[in-house]
Amino acid sequence: MGIKASGILLGTWLALATIAPANERYVLKYDAPAKDNLLSPTKGKPKGHGYIQTALPIGNGRLGAMFSGGVETEHLLINDITLWMNSKRGMDETAQSGTRKVAPEDLETVRQAYRDGKYGTKPGSMESISTKHLSSTEPLGNYAPFSDLMISTGHDPASVRDYHRSLDSRTGLGTVRYWIGDNQFTREFFCSYPHDVVAVRYTSDDAKLNLTIQTTTKHKDSEVKAADNRIILSGKAKMVQDDIEFMQIVQIDAGDAEVSPQDDGSIKISNASDVKVYLAGYCDYLPVYPSFKGRDYQADCEKTIATASTFGWDFLRKSHVDDVSSILDRCRLELGFKPSGLTTDKLVSGDGSLELENLYFHYSRYLQLSCSRGAPVPSNLQGLWNADLKPAWNCDYHTDINVQMNYWMVDAANQSESFRPFVEWTKVLAESGSHTARETFGIHQGWSVGLNGNVFGFTAPNVHGRRNQQAGHWLCQNLFDHYAFTQDQAYLEEIYPILKGAAEFFVEFLAPWKDGTLVVYPTWSPENTYLSKEYGKLNKQAYGASWDQQLVLNLFTDCIEASTVLGRDEAFREVLQEIIPKLCPQKIGQYGQLQEWPEDWDNPKDTHRHISHLIALHPGRDISPLTTKELHEAALVTMKHRGDQSTGWSTGWKTCFWSRLHNGDRAHKIYRFLTSKRAYPNLFDFHPPFQIDGNFGGAAGVCEMLLQSHLRSVNADATTIQDAAFVAYEQDPKQSNHFAPVVPDETIATAPYILHLLPALPSAWPSGKINGLKARGGTEVDIQWQDGQLIQATIRANQDAKFRVYAQGELSEVISLDKGTSTIWPPTR
């Protein structure tokens with residue numbers, strides 16, 4: 001079929017696809033309220049799904065809410081992403097890092113246990129010695145809920161008909177509608193980024209509204225007062241040192257209706273037809289190391305509420321919709337399906353569908369924007385939404401994949417604004433981590449960070465010795481990849497000290513192993529066990545784990561490029577180039593697998609959720625079916641061993657892995673499992689329990705199916721991708737199962753990125769289009785396909801750009817575009 005004819009068919013299909021209501025593809029919808037168990041006096045875990053799995057989220061990156069849509073009582077859970085508890089702040093600069101001061105001889109004792117192979121957990125083992133000498137005893141704390149806002153209607157759920165609850169992932173507007181008799185009642189919800197408020201509106205056609213509005217908090221040290229049309233909540237979140245103070249103002253505009261403050265802090269509204277509620281809330285947190293306080297939260301509450309009240313509902317709503325849709329409309333996936341009319345919970349309870357897969361992608365982009373934007377800290381394990389004083393895994397920042405996974409999709413899915421909180425947090429870690437590097441490891445250049453983080457600069461090794469690890473290299477991978485997409489040199493200037501500091505740490509931290517190669521230790525391969533029959537399931541601490549070695553090479557290469565682009569630190573580049581060949585090679589083991597450790601300890605029956613030793617495949621760039629045949633085949637063996645089904649976030653990662661392996665059908669199989677079997681009714685990721693990283697990992701996998709741009713062309717004259725692309729590992733001629741790191745020279749800084757179009761298109765997605773994907777190198781790409789074949793791609797330059805296109809087995813010459821211009825692929829004839 002010719003390009004012209006296929007284009008006509010595609011246009012006809014797209015026209016038919018838009019006959020349905022324009023937003024239907026992007027709307028989560030339900031015919032019943034959420035299940036509200038949060039304030040139930042019943043102890044223990046509720047049976048089945050509860051509020052967090054069924055309520056719908058809104059957020060502006062710092063402030064967030066979920067709404068239940070309850071008929072008798074609407075329950076809004078309120079969160080501020082900077083509100084933590086049970087930790088310390090305001091200590092001296094060294095103590096605030098959480099580090100313990102380790103004597104050189106104690107560190108040597110720890111390392112000797114590794115060199116002596118003291119496996120297991122018994123006294124004298126790697127773990128016990130590491131716990132004794134290195135692991136922090138300081139409290140990490142946990143993310144905390146802010147408040148609960150309850151709006152009671154007095155309506156009888158049994159009298160309701162035609163109930164509708166929805167969330168538009170394109171506009172960030174939540175809606176509840178139902179009828180009682182001949183009267184329709186409507187609610188609308190949003191959380192404004194431009195004006196920093198949660199806004200709620202209640203209207204009715206003819207019947208009057210009689211509402212009771214009250215707010216509570218789970219923090220015991222708190223007070224609620226009502227006066228005039230306002231409810232003020234003030235309180236403290238308990239800390240081990242220096243409690244966090246917070247405040248919330250709820251302002252009510254009920255028109256001419258009667259508004260009556262009550263002694264218990266609630267407000268009653270009588271005979272209203274239109275009620276608007278504005279909520280502002282802040283705590284005293286600021287990202288200032290080591291005090292982490294200083295915000296005038298009371299003044300900010302007053303100012304925000306005054307501004308919102310002055311502008312009014314219509315202006316706030318329009319500003320919100322314009323703001324959210326302007327970002328989310330940049331990238332649109334359109335798969336070929338006819339909307340079923342099913343509610344979202346019924347879509348999830350089925351066996352999967354194109355409709356659900358399309359919705360899940362857009363919803364994940366909405367969640368990303370809602371929980372990471374304009375705040376000084378990144379999204380956490382639950383994004384922004386948490387109801388518990390003791391949440392699972394502290395609702396913290398795990399640096400062994402989770403916080404990094406939260407940001408894989410940001411640039412590819414064209415919402416780079418969401419990355420800034422990650423940058424601001426990492427700046428704090430670098431400052432704090434310099435103390436941990438010095439006091440724990442005796443390293444006076446650079447910075448170090450361990451497994452778990454909080455909002456108070458905690459960078460020390462984890463409390464358990466088996467979890468001793470470094471994570472600066474992985475965090476820096478995210479930082480540099482953002483530059484790769486944006487090509488923003490001002491940003492590169494900003495992050496370069498962080499990149500260099502991480503590299504400086506590893507320059508000193510790397511140590512020779514028995515074979516003379518340089519390895520990272522103490523470490524582990526998150527969160528996996530080896531030799532478990534001999535030493536137990538907690539035997540995890542190791543040396544030279546493959547993920548570390550891959551990331552160190554990644555970091556050193558990025559530093560070489562960054563320093564070249566910025567024109568500085570030539571001597572340091574040379575140091576890195578001298579170290580790279582000394583790094584422990586990647587190895588293929590006895591089963592043909594890519595080894596997880598320097599020793600061939602892999603168990604082919606191991607189906608562990610972490611597959612950290614494939615970081616060079618994804619999110620790294622150094623293993624590819626196109627450039628590293630042997631390593632690619634070893635990665636396939638590893639993926640076969642690990643299997644398809646896993647926890648939610650691991651399923652998201654496997655979607656990315658199979659996309660990078662160019663197996664679109666396998667990637668789609670995993671993505672369908674994620675969307676239908678690892679999603680709650682509100683599409684939150686089912687780890688279990690809820691962890692938001694699976695949502696973001698799955699959306700990243702969709703981007704990887706349709707466009708990949710991680711390979712670089714270092715040979716402009718080459719006509720094949722195998723000859724053109726930079727290869728980071730080369731086979732050792734003396735040991736064919738060893739692959740040594742390759743030293744990049746300064747030309748890597750100007751090497752064009754290769755835009756691989758439809759690298760893993762599933763056969764289940766025969767026709768469709770995606771607009772606004774971003775590629776590394778500063779370009780943006782629209783792609784259309786029909787009958788599984790590329791019809792056309794439009795490539796736009798956000799910066800002056802040079803790139804090559806790889807599509808349907810052919811590699812283009814280097815293409816140059818000036819900023820603001822575009823080109824079509826394949827070229828028009």
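Colleague: Which cysteine has the sulfur closest to that of Cys301?

Modeller: Keep in mind that this is a predicted model. A disulfide needs two cysteine sulfur atoms within 2.5 Å. The closest cysteine sulfur to that of Cys301 is 10 Å away, too far for a bond. That sulfur belongs to Cys283.

Colleague: Is Cys301 buried or exposed?

Modeller: A residue counts as buried when its relative accessible area is under 20%. Cys301 has a relative accessibility of 0%, so Cys301 is buried.

Colleague: How far is the sulfur of Cys476 from the closest cysteine sulfur?

Modeller: Cys476 is buried, at 0% relative accessible area. The closest cysteine sulfur is in Cys559, and the separation is too far for a bond. The distance is 7.0 Å.

Colleague: How many disulfides does the count come to?

Modeller: The sulfur of Cys301 is too far from that of Cys283 for a bond, and the sulfur of Cys476 is too far from that of Cys559. With the rule of sulfur atoms within 2.5 Å, the count of disulfides comes to 0.

Colleague: Cys476 takes part in the contact of α12 with α13. How are α12 and α13 oriented, roughly parallel or roughly antiparallel?

Modeller: Helix α12 covers residues 472-486 and helix α13 covers residues 489-509; their axes are 10 Å apart and the packing angle is about 160 degrees. Angles over 145 degrees count as roughly antiparallel. Therefore α12 and α13 are roughly antiparallel.

Colleague: How many nonpolar residues does the contact of α12 with α13 have?

Modeller: From α12, the contact includes Cys476, Leu479 and Phe480, and from α13 it includes Leu492, Ile495 and Phe506. By class, the contact has no charged residues and 4 polar ones, and the number of nonpolar residues is 11.

Colleague: What is the handedness of the crossing where α12 passes α13?

Modeller: The axes of α12 and α13 are 10 Å apart. The crossing of α12 with α13 is left-handed.

Colleague: Which helix holds Trp474, and is Trp474 buried or exposed?

Modeller: Trp474 is found in helix α12. Its relative accessible area is 0%, and the cut-off for buried is under 20%.

Colleague: Which proline does Trp474 touch?

Modeller: Residues up to four places away in sequence are not counted here. Among the residues that Trp474 touches are Asp400, Trp408, Trp547 and Trp653.

Colleague: What kind of peptide bond joins His618 and Pro619?

Modeller: Pro619 is placed in the loop between β26 (586-587) and α17 (629-642). Omega between His618 and Pro619 is about 10 degrees, and the bond is cis.

Colleague: Where is Pro826, and what is omega for the peptide bond from Trp825 to Pro826?

Modeller: Pro826 is found in the segment after β37 (822-825). The peptide bond from Trp825 to Pro826 is cis, with omega near 0 degrees.

Colleague: Which residues does Asp558 contact, leaving aside neighbours within four places in sequence?

Modeller: Asp558 lies in helix α15, residues 546-566. At 3% relative accessibility, Asp558 counts as buried. Its contacts are Phe480 and Arg621.

Colleague: How are α8 and α19 placed relative to each other, roughly parallel or roughly perpendicular?

Modeller: Helix α8 (residues 354-371) and helix α19 (residues 664-677) have axes that come within 10 Å and cross at roughly 80 degrees. Angles from 65 to 115 degrees count as roughly perpendicular. Therefore α8 and α19 are roughly perpendicular.

Colleague: How many charged residues does the contact of α8 with α19 have?

Modeller: Glu357 of α8 and Arg672 of α19 are among the residues that make the contact. By class there are 6 nonpolar and 3 polar residues, and the number of charged residues is 2.

Colleague: What is phi of Phe292?

Modeller: Phe292 lies in the loop between β18 (274-283) and α6 (297-328). Phe292 is buried, with 0% relative accessible area. Although Phe292 is not a glycine, its phi is positive, about 55 degrees.

Technical notes:
Residues numbered from 1 in each chain as written. Predicted model: local features only at pLDDT ≥ 70, side-chain atom pairs only at ≥ 80, totals over all residues. Heavy atoms only, no water. Helix = DSSP H or I, 4+ residues; strand = E, 2+ residues; numbered from the N terminus. Buried < 20%, exposed > 50% of the residue type's maximum accessible area, 1.4 Å probe, protein only. Contact = heavy atoms within 4.5 Å. Axes fitted to C-alpha atoms, helices over the stretch in contact; angles between N-to-C directions. Parallel < 35°, antiparallel > 145°, perpendicular 65-115°, else oblique. Left-handed = near helix turned anticlockwise from the far one by under 90°. Nonpolar A, V, L, I, M, F, W, Y, C, P; charged D, E, K, R; others polar.
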